Amino acid sequence: MAESPVSGIARRRKSALTENSADYSVRRAGLLRVAAEVFREKGYAAATLNDIAAAYGTDRASLYYYVGSKEELFQECITDTVVTNLARAKKIVAQKLPPRETLEALIAMLLASQVEHYPYMYVYMQEDWGRVSSLDSKWAQEMVANTHKIEKYFLDAIALGVKDGTFRDDLSNTLIANSIFGMTQWTHRWFVPGESRYSAEDLARVFSAIFFDGIMAEGHAKD
């Protein structure tokens, strides 16, 4: 029986992914960036593989040599960002800095990631990705688990600061953490790297100043 065109492309894609040649990797990385831009502009639900193919300068059939589906493209746009952020958060926490310095470093890391991984971070923040892929899927479970691990690093630093008297003890630790995430993660709505007059460092400095002025315990204000 003759091999179907679809199965033939899938076989070639699997082989190319295994070989991981430099040329194939570069082209596939370029496709992922184009896909992220399309998702950013249209949203995941409205974007089609035809849209992505047109933006990449090829046809839909040719995309299957690099990726199996729109969902796979979407997942890959997000996965590397989350995994990288988790690894960097672990390194920051491992330094065992004072609570405020730990939080300042974590805040700076998240904002720097938005620049480094733009527009992937935009896609991550814009889309309810748990709704796009079934929460029963292995990928979704891993992303949820990794995101919660990052959140816990923030909560642990806040709790330690409350315990040692650095931070106020009359505020909810969870609400404090959510305030940080609200400030840092909502910037995707108005902060476009390369187009904004401000840098990630500018945002980190201003956000930290505003945030810590509110939670520092009396006598622990930082000069």
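This is a predicted model: local features need pLDDT of at least 70, side-chain atom pairs count only at pLDDT 80 or more; totals for chains, interfaces and linings use all residues.
Trainee: How many helices and strands does the chain have?
Mentor: Helices (H or I, at least four residues) and strands (E, at least two) are DSSP runs numbered from the N terminus. From the N terminus on, the elements run α-α-α-α-α-α-α-α-α-α-α. The count is 11 helices and 0 strands.

Trainee: What percentage of the 223 residues counts as buried?
Mentor: Buried means under 20% relative accessible area, exposed over 50%, and partly exposed in between, with a 1.4 Å probe and protein chains only. Accessible areas come from the Shrake-Rupley method with a 1.4 Å probe, and for residues only the protein chains shown count as cover. The accessible surface of the chain is about 12300 Å², 54% of it belonging to carbon and sulfur atoms. Of the 223 residues, the buried share is 41%.

Trainee: Among contacts between residues at least 6 apart in sequence, what percentage joins residues at least 24 apart?
Mentor: Contact means heavy atoms within 4.5 Å. Among the contacts in the chain that join residues at least 6 apart, the share joining residues at least 24 apart is 71%.

Trainee: Which elements give two or more residues to the lining of the largest pocket?
Mentor: On a 1 Å grid over the protein atoms alone, a cavity is a set of points where a 1.4 Å probe fits but cannot get out, whereas a pocket is an open set with protein on both sides within 12 Å along at least five of seven lines; lining residues have an atom within 4 Å of a point. Grid points are joined across faces, edges and corners, and a volume is the space filled by probe spheres set on the points; for the largest pocket that volume is about 230 Å³. Its lining includes Val 82, Met 121, Glu 151 and Gln 185. The elements giving two or more residues are α5 (70-94), α7 (120-126), α9 (138-163) and α10.

Trainee: How many nonpolar, polar and charged residues are in that lining of the largest pocket?
Mentor: Ala, Val, Leu, Ile, Met, Phe, Trp, Tyr, Cys and Pro count as nonpolar, Asp, Glu, Lys and Arg as charged, and the others, Gly among them, as polar. On that scheme the lining of the largest pocket has 7 nonpolar, 3 polar and 1 charged.

Trainee: Which element supplies the largest share of the lining of the second largest pocket?
Mentor: The second largest pocket holds about 150 Å³ of space. Among its lining residues are Lys 96, Pro 99, Tyr 153 and Asp 156, and by class the lining has 6 nonpolar, 1 polar and 2 charged residues. Both α6 (99-116) and α9 supply at least two residues. The largest share, 4 residues, comes from α9.

Trainee: Is Gln 185 buried or exposed?
Mentor: Gln 185 is in helix α10. Leaving aside neighbours within four places in sequence, Gln 185 is in contact with Leu 110, Gln 114, Met 121 and Met 125. With a relative accessible area of 13%, Gln 185 is buried.

Trainee: Which backbone oxygen does the side chain of Thr 187 reach?
Mentor: Thr 187 lies in the loop between α10 (173-185) and α11 (200-215), and its relative accessible area of 0% makes it buried. Not counting residues up to four places away in sequence, Thr 187 touches Leu 111, Gln 114, Leu 203 and Phe 207. At 3.0 Å, its side chain reaches the backbone oxygen of Thr 184.

Trainee: What is phi of Lys 96?
Mentor: Most residues other than glycine have a negative phi. Lys 96 is in the loop between α5 and α6 and is exposed at 73% relative accessible area. Its phi is positive, near 55 degrees.

Trainee: Which residues does the cis peptide bond join?
Mentor: Most peptide bonds are trans. In this cis bond omega is about 5 degrees, and Pro 119 sits in the loop between α6 and α7. The bond joins Tyr 118 and Pro 119.

Conventions: Residues are numbered from 1 along each chain as its sequence is written. Side-chain values use heavy atoms; hydrogens and water are left out. A polar contact is a pair of N or O atoms within 3.5 Å; within protein, one must be able to donate a hydrogen and the other to accept it, and residues adjacent in sequence count only if both atoms are side-chain atoms.
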